[in-house]
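Hi there,

Here is the structure I promised to pass on. Have a look, and then read on for what turned up in it.

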Amino acid sequence: MIGISKLYCGTVEPSDALRYGRGSKNLPSHLLQFSKDKKPVVVWNMTRRCNLKCVHCYAQATEVDGKDEISTDKAKEIIDDLAAYGSPVMLFSGGEPLVRQDLTELAKHAVSKGMRAVISTNGTLITKEKAKELKEVGLSYVGISLDGGEEIHDRFRGVPGAFKKALQGIENCQAEGLKVGLRFTINRRNQGEVPVLFDLIRDLEVPRICFYHLVYSGRGSELIKEDLDHAETRAIVDLIMDRTRDLFNAGLEKEVLTVDNHADGPFVYFRLLREDPKRAAEVMELLSYNEGNNSGRGIGCISWDGQVHADQFWRNHTFGNVLERPFSAIWDDPKIELLHKLKNKKAYVGGRCRDCRYLEICGGNFRARAEAYHGDIWAEDPACYLTDDEIRKD
C-alpha cells in the first residue's frame with residue numbers, strides 16, 4: 001500500500017510516524033503502514049456467498065443462498081485470539097460480508113476487544129438501517145468497490161443496477177457519519193475510468209480511494225492478458241499523482257493510495273527527485289518504514305473455511321486452519337517453511353528483484369503474481385515496471 005497523497009503531496013512527515021513509536025497498536029489508521037512491528041492486519045473472507053457476479057472476483061464467489069462454515073461463536077473465538085495477539089485491524093470481506101446476518105455482532109465484538117473493524121463490500125446491501133447499525137457498533141471504515149461509471153461498473157459486476165445501489169450505500173454511510181472510501185481495480189477494461197473515480201470522490205465528498213493493481217488470482221487469473229503493460233502502468237500512476245495534486249491544490253485533501261504494486265514507491269520518489277528533492281529524501285525515509293509488500297508478515301488472511309493464507313489473493317498456499325489451531329500459533333510457527341521465509345522474503349527473491357537497489361523498500365513486490373506468471377514463488381514480479389537502469393545498484 002503506497003500513500004500517494006501522503007508521499008507526493010506531503011500530508012505525512014517521517015516525524016508523524018515516529019511520534020507514536022511506530023507501534024501498530026498506537027498508530028492511527030492513516031499511519032498504520034509505517035508500523036515497525038508489522039502485526040498482521042487480518043482479512044477475514046467471512047463468507048464465499050455474494051449477491052453479485054464480478055468478473056474479477058479473487059474469491060470466486062458463489063450464490064447468495066447457502067451456509068457459512070464458521071459459526072458466530074467460533075468467529076468470536078478467532079477474534080479473541082487475534083486481539084490478544086495484537087492484530088490492529090479486522091477486515092471483514094467476502095464474497096459479500098453483508099450477506100452474513102451476524103456481521104454487525106462480530107464487528108462489535110472486534111471493537112470491544114480493542115481492534116479496529118472495517119469492511120470491504122460492494123455497497124449494494126447497505127440500507128439506511130444497516131448503515132445505522134454499523135455506525136452504532138463502532139465500525140471504523142467502509143470500503144466500497146467501484147469499477148468505473150455506471151455502464152462499466154454494472155458490466156464488471158454482472159448485475160444491472162449495481163452502480164446505483166452502491167452509490168446509495170455510500171450516501172447511507174455518509175448520513176450516519178461512517179467513514180467511507182472507494183476501491184478500484186485497474187485493468188485494460190477500465191483504465192480509462194480513473195478520471196471518473198476522481199470525479200466521484202470530489203463530487204460525492206468521499207475522503208479516501210484505493211487504486212488496486214491487478215493480481216492474478218481467482219477469476220482475476222483469467223485477466224493476466226488484460227493487465228496493463230509497463231508503459232501503461234507508468235502513465236496511470238502518473239495520472240493518479242496528477243489528479244491527487246489537483247485535488248490537493250484545490251483544497252480537497254483526499255487520501256489516495258495505490259495497492260499491490262510496490263514499484264509505485266520508487267516511482268513516486270523518482271518524480272519528486274525532479275520536482276522537490278528535499279521532499280524526495282523524506283519520502284525515501286517513509287518508504288523505508290513501509291518496507292514494501294507484507295504478505296505473510298504485515299497482512300494475513302483467513303478464508304471462509306478457516307484456512308490461513310499469506311494474503312487474500314494467494315490461496316494456493318495454506319498454512320493451517322483456525323478451526324483446528326489458533327491463528328497466532330500458525331502465524332508464528334517457524335516450522336511452516338514458506339510462511340517463515342515470507343517474513344524475510346528479501347533473502348529469497350531472485351531475478352531482477354535480487355539485485356534491485358530498491359529491494360529494501362519494495363520487499364520483492366507481489367509473490368502471488370510471480371508464481372502465477374513464472375511458476376516460481378521467488379521469481380521477479382512481472383508487474384514491476386521500473387527499468388533496468390532505474391533499479392541498477394551502481
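A crossing of two helices is called right-handed if the near helix is turned clockwise from the far one by less than a right angle, and left-handed if anticlockwise. By that convention, H8 and H9 cross in a right-handed sense. Please keep in mind that this is a predicted model.

The axes of H8 and helix H9 (residues 230-249) come within 10 Å and cross at roughly 20 degrees. Angles under 35 degrees count as roughly parallel, so H8 is roughly parallel to H9. On the H8 side, the contact is made by Val-194, Pro-195, Phe-198, Asp-199, Ile-201 and Arg-202. H9 brings in Ile-236, Leu-239, Ile-240, Arg-243, Thr-244 and Leu-247.

Glu-205 lies in the loop between helix H8 (194-203) and strand E7 (208-213), and its phi is positive, near 60 degrees, although Glu-205 is a residue other than glycine. Lys-38, also not a glycine, has a positive phi of about 55 degrees; it sits in the loop between helix H2 (14-18) and strand E2 (41-45).

Which of these counts as buried, and which as exposed? Lys-38 is buried, at 5% relative accessibility, whereas Glu-205 is exposed, at 63%.

Finally, the peptide bond from Gly-94 to Gly-95 is cis, with omega near 15 degrees. You will find Gly-95 in the loop between strand E3 (89-93) and helix H4 (103-112).

Best wishes

Terms used: Residues are numbered from 1 along each chain as its sequence is written. This is a predicted model: local features need pLDDT of at least 70, side-chain atom pairs count only at pLDDT 80 or more; totals for chains, interfaces and linings use all residues. Side-chain values use heavy atoms; hydrogens and water are left out. Helices (H or I, at least four residues) and strands (E, at least two) are DSSP runs, numbered from the N terminus. Buried means under 20% relative accessible area, exposed over 50%, partly exposed in between (1.4 Å probe, protein chains only). Axes are lines fitted to C-alpha atoms, for helices over the stretch in contact, and angles run from 0 to 180 degrees between N-to-C directions. Angles under 35 degrees count as roughly parallel, over 145 as roughly antiparallel, 65 to 115 as roughly perpendicular and the rest as oblique. Contact means heavy atoms within 4.5 Å.
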